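Hello,

Here is the structure I promised to pass on. My notes follow below it.

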Amino acid sequence: MTDPVIVVGSGPTGLMLACELGLAGIPVVVIDRRAAPDSHSPGQAVNAAVIELLDQRGLADELRESGLPLPGAHFSLLWLRPELLPGPQPARGLLVPQPRLEAVLERRARELGVDIRRGQELTDLRQSADSVSMRLRTAEGEHHLRGSYVVAADGTRSTVRELVGIGFPGSGWTVSGTVGDVEADFSTLAVNHLGAHYVGSGGVYSGAPAGPDVLRVITTSFAEVSTGGEPVALEQLQADVHALTGRELPARRLLWAERFTSVSGNAERYREGRVFLAGDAAHSFFPLGGLRLSTCLQDAVNLGWKLAADLQGWAPPGLLDTYHSERHPEGERARLALDAQLALMHPPSRTAGVRSLLASLAQFEDVNRYLVELVTGVDLRYPVGEGQAAGPDSALGGRIAGAAPLLRGGKGLLLVPDDTSLDLAGTAAGWADRVETESASAAGEAGPALLRPDGHVVWAGGDGELEGALKNWFGDPR
């Protein structure tokens, strides 16, 4: 193994993937056309699924120290009741600016030996049977870089996706708005200026702390469409806020603001030979409630351990193909969930009735549970065997919250009950380099379970033979 995995894009998806590969000892090079991290990244919240993934790698506590707990969950800004969910409560989402999340991930990636190169723009890409060659434009001129695999994490307008010829069909939804940071005295803000609000005239307003005396403002209008990226003056931002809230925004000064445009699409396929798509390069939809960022990071964690397994030589046949088969349906499901939420917002004259009906339906326990789990991303379950899909009440395919501290090393995990008469640890001895064995009670469980490195359960006692599950997901024993 000599050629590194090349990750194109140093946003949350690319950095999370780099951390996963670095944790497994895989050489990684991250390239980004920008000369410095983007301090104006518009994201302002991470949901429960993101917190679970970060907690699994020991990164969540640092974000909790600087973030604020999200007050709840919503579907199309119709507020739900997560506290009514049966069983253990899911992790709470956080209000945390995206640049802060990226800084935490970048620091961790560098600790793991990841090579991050900025100011390098991809201009061409060629594949062979065992490698990928890239041509890059830099301030010093052009140069070439060779990798074992390439992962596109370069956003909705992905250069990599275009170069390998993967289509990006969607629903046609295009939503525009304004995002920016203003300096303000929070004691002077009206209640309208904090939190997220759907406005009956046809728009969405969000205001959240982004630092000391800094308010992150996002306004969304369904009546306007822009190309995105255009700078916005303070007067225009204040006019947009006033149009949605009916109140003047008492900003002392503008730190930055620009127009944004969000499109709805899902790539035709997430793999082309030795090139993979992840995050916004694979799927894009309106960033509401943190589901977009959740879906992006789930891509990264799903793909990371599978690439590592292939490069370390123990991947079972077809493992890399499961990235598309598992993640493409999830990208589409999340995209449609956001399209549905947008359809409940515009035009206001036709959506009032269905919003009222959905608000009434959400009072039913099963409806509330379904919507909360959907928008927080914690309902993710993968098929665990041929034709076998796990139901919502099954551990199979899902995750075990108490196992997060036991997954910090990025390996598989076998949970063994203290009172079992079966020699499960002995059965798994041939996979000890890939699968760690721990007491089930350490994860708050009573029964046995086998977890993939991304935390998903692929065997749970009576649901199949352990040795078969080990071979299916972790290859042949030593």
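**Helix packing**

Helix 1 and helix 4 cross in a left-handed sense (left-handed if the near helix is turned anticlockwise from the far one by less than a right angle, right-handed if clockwise). Helices here are DSSP runs of H or I of at least four residues, strands are E runs of at least two, and both are numbered from the N terminus.

First, the ground rules. This is a predicted model: local features need pLDDT of at least 70, side-chain atom pairs count only at pLDDT 80 or more, and totals for chains, interfaces and linings use all residues. Residues are numbered from 1 along each chain as its sequence is written, and side-chain values use heavy atoms, with hydrogens and water left out.

Back to the first pair. The axes of helix 1 and helix 4 (residues 98-111) come within 9 Å and cross at roughly 25°. That makes helix 1 roughly parallel to helix 4 (under 35 degrees; over 145 is roughly antiparallel, 65 to 115 roughly perpendicular, the rest oblique). Axes are lines fitted to C-alpha atoms, for helices over the stretch in contact, with angles from 0 to 180 degrees between N-to-C directions. Helix 1 contributes Pro12, Leu15, Met16, Cys19 and Leu23 to the contact, and helix 4 contributes Gln98, Leu101, Glu102, Leu105, Glu106, Arg108 and Ala109. Contact means heavy atoms within 4.5 Å. The residues split into 8 nonpolar, 1 polar and 3 charged. Nonpolar covers Ala, Val, Leu, Ile, Met, Phe, Trp, Tyr, Cys and Pro; charged covers Asp, Glu, Lys and Arg; the others, Gly among them, are polar.

Next, helix 2 (residues 48-56) and helix 7 (residues 291-312). Their axes lie 8 Å apart, at an angle of about 30°. This crossing of helix 2 and helix 7 is left-handed. Ala49, Val50, Leu53 and Gln56 of helix 2 meet Leu293, Ser294, Leu297, Gln298 and Val301 of helix 7. The count for helix 2 with helix 7 is 6 nonpolar, 3 polar and no charged.

Ser10 sits in the loop between strand 1 (5-8) and helix 1 (12-23). Ser10 is buried, at 3% relative accessible area. Buried means under 20%, exposed over 50%, partly exposed in between (1.4 Å probe, protein chains only). The Ser10 side chain makes polar contacts with the side chains of Asp32 (2.6 Å) and Arg118 (2.9 Å). A polar contact is a pair of N or O atoms within 3.5 Å; within protein, one must be able to donate a hydrogen and the other to accept it, and residues adjacent in sequence count only if both atoms are side-chain atoms.

Asp124 lies in strand 9 (residues 121-127). Asp124 is buried too, at 15%. Its side chain makes a polar contact of 3.3 Å with the side chain of Arg126.

**Loops and backbone**

Thr188 is in the loop between strand 13 (170-184) and strand 14 (195-199). Thr188 is partly exposed, at 43%. A polar atom of the Thr188 side chain lies 2.6 Å from the backbone oxygen of Asp185.

The peptide bond from His346 to Pro347 is cis, with omega near -5°. Pro347 is in the loop between helix 8 (321-343) and helix 9 (348-361).

Ser76 has phi near 60°, a positive value in a residue other than glycine. Ser76 is buried, at 0% relative accessible area.

Best regards
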